[in-house]
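Please look over the structure below with the following briefing in hand, which takes up strand pairing, a helix and a loop in turn.

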Amino acid sequence: MINVIGLGYIGLPTALILASHGMDVVGTDYNEELVDKLNRGEVTFEEKGLKGLFDEAVRNGIEFSNEYKVTDTYIISVPTPYDKESKKVDACFVVSAVKSVMKVCPKGATVVIESTIPPGTIEKFIRPVIEANGFVPGKDIHLVHAPERIIPGNMVYELEHNSRTIGADDAEIGEKIKAVYSSFCKGDIVITDIRTAEMTKVVENTFRDINIAFANELAKICRSDDMDVYEIIRIANMHPRVNILTPGPGVGGHCISVDPWFLVGDYPGLANIILAARKINDGMPRFVIHRISQIMKEKGLTDVRRVGLYGLTYKENVDDVRESPTLQMLERMEDGLSGGLVQVYDPYVTKKIVPNQHTTFESFLGAVDMVVIMVGHDEIKQNMNMLSGKVVFDTRKICYLPDVHRL
Ligand SMILES: NC(=O)c1ccc[n+]([C@@H]2O[C@H](COP(=O)([O-])OP(=O)(O)OC[C@H]3O[C@@H](n4cnc5c(N)ncnc54)[C@H](O)[C@@H]3O)[C@@H](O)[C@H]2O)c1
């Protein structure tokens, strides 16, 4: 039996896909409300294909519980935020989950950490917990790091098709856990050591952050000197070895905007491009605010209450709002352009989380003269003509109406 601990955006689909491929799975989360909801047959977030996977897993006997189970394999996928001061990983959730596992697990069990962690985390934080419980790591309890690469919006497909990394102390345990993931994963599964697996995952997200930052910095440079960044990127990308990304309003989510900080925190003075990229991407919401003011002035708009932000999530077609550029912007808006005054709407966010949040596209459009496209949800892409007559500031380059304003 596999006990998956932490049933959030990563743990739930992982537990479901294992169960739907014939594994005996219990999903554990300390959030009672979440477990009750799953036991009532409801999925806890919107994701393409998740409900189908859920139904299949339930048919195959998956259980959801608040309790940790006695078994030989645990997969832990709890949050790994960073400490805002030190920028280092805050391993408290992983440590606490492993402590709880230690209370029930038998000798010989394998504990797989799926949560993203920087190099050395298992050595520094997890092995001591095993030892403190009277076990010898690598002999009584085996430790594995199996980071996750899936992207919200395409999780179910990517779970099956992405390649994966497994970091283990010895090859035999690596092979044992590879067999577990091979039950559903059609991609290559590479076995390596734990530190390499930890570093690889963080490096992947850092690579993305740096590339996004480059595009965003170009947008700022081009805006400052009246050049069209999109046309420049389009032409530059015709070079066979150039692939510049599209600028945007900032970086959100639980991964790209978080993981590079781990390297900044752990390698101060060495992680220089990484730090600069984080600052550039974190600065984008403020740049968008500045652009809104410029465009309002240009268009003779004076009433901030008639400016509308479309999109609250950190990416298109998902309901995850963590660290989203729109939320960052609303926090940073001050005085003249107060976050409490602008109108906001997102079709995926039905719970009210900010002031002036509309529940329909129509009511949102009725309340605004200027629409700032913060997220390229399919809804707005498919209804772009409804924006005609509005001043449109498109931070995602998805709107092809005439006179649209860009970054
Ligand atoms: N969300 C993503 O797109 C994504 C992608 C790749 C990797 N990751 C990584 O996966 C990990 C999990 O992220 P997430 O987005 O699924 O987080 P999440 O916040 O959606 O879910 C975490 C779950 O763990 C539960 N939990 C926390 N501590 C617990 C404990 N001690 N015992 C039982 N349950 C506990 C919480 O109640 C929550 O339901 C993080 O390290 C993240 O960086 C996330």
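Val4 stands opposite Gly27 in strand 2, and 4 bridges join strand 1 (residues 2-5) to strand 2, the two running parallel; strands pair if DSSP finds at least two bridges between them. The model is predicted, so that local features need pLDDT of at least 70 and side-chain atom pairs count only at pLDDT 80 or more, whereas totals for chains, interfaces and linings use all residues. Residues are numbered from 1 along each chain as its sequence is written, and side-chain values use heavy atoms, with hydrogens and water left out.

**Strand 2**
- From strand 2 (residues 25-28), Val25 and Gly27 point one way and Val26 and Thr28 the other, and all are buried (under 20% relative accessible area, with exposed over 50% and partly exposed in between, for a 1.4 Å probe and protein chains only).
- Strands are DSSP runs of E with at least two residues, and helices are runs of H or I with at least four, numbered from the N terminus.

**Helix 11**
- Helix 11 bends by about 35° at Met284, with a proline, Pro285, following within four residues; the bend is the angle between axes fitted to the seven residues ending at a residue and the seven starting there.
- Just after helix 11, Gly300 takes a positive phi of about 70°.

**Loop residues**
- Asp226, in the loop between helix 8 and helix 9, has a positive phi of about 55° although it is not a glycine, and counts as exposed at 72% relative accessibility.
- Met227 lies in the loop between helix 8 (194-224) and helix 9 (229-236) and is partly exposed, with a relative accessible area of 40%.
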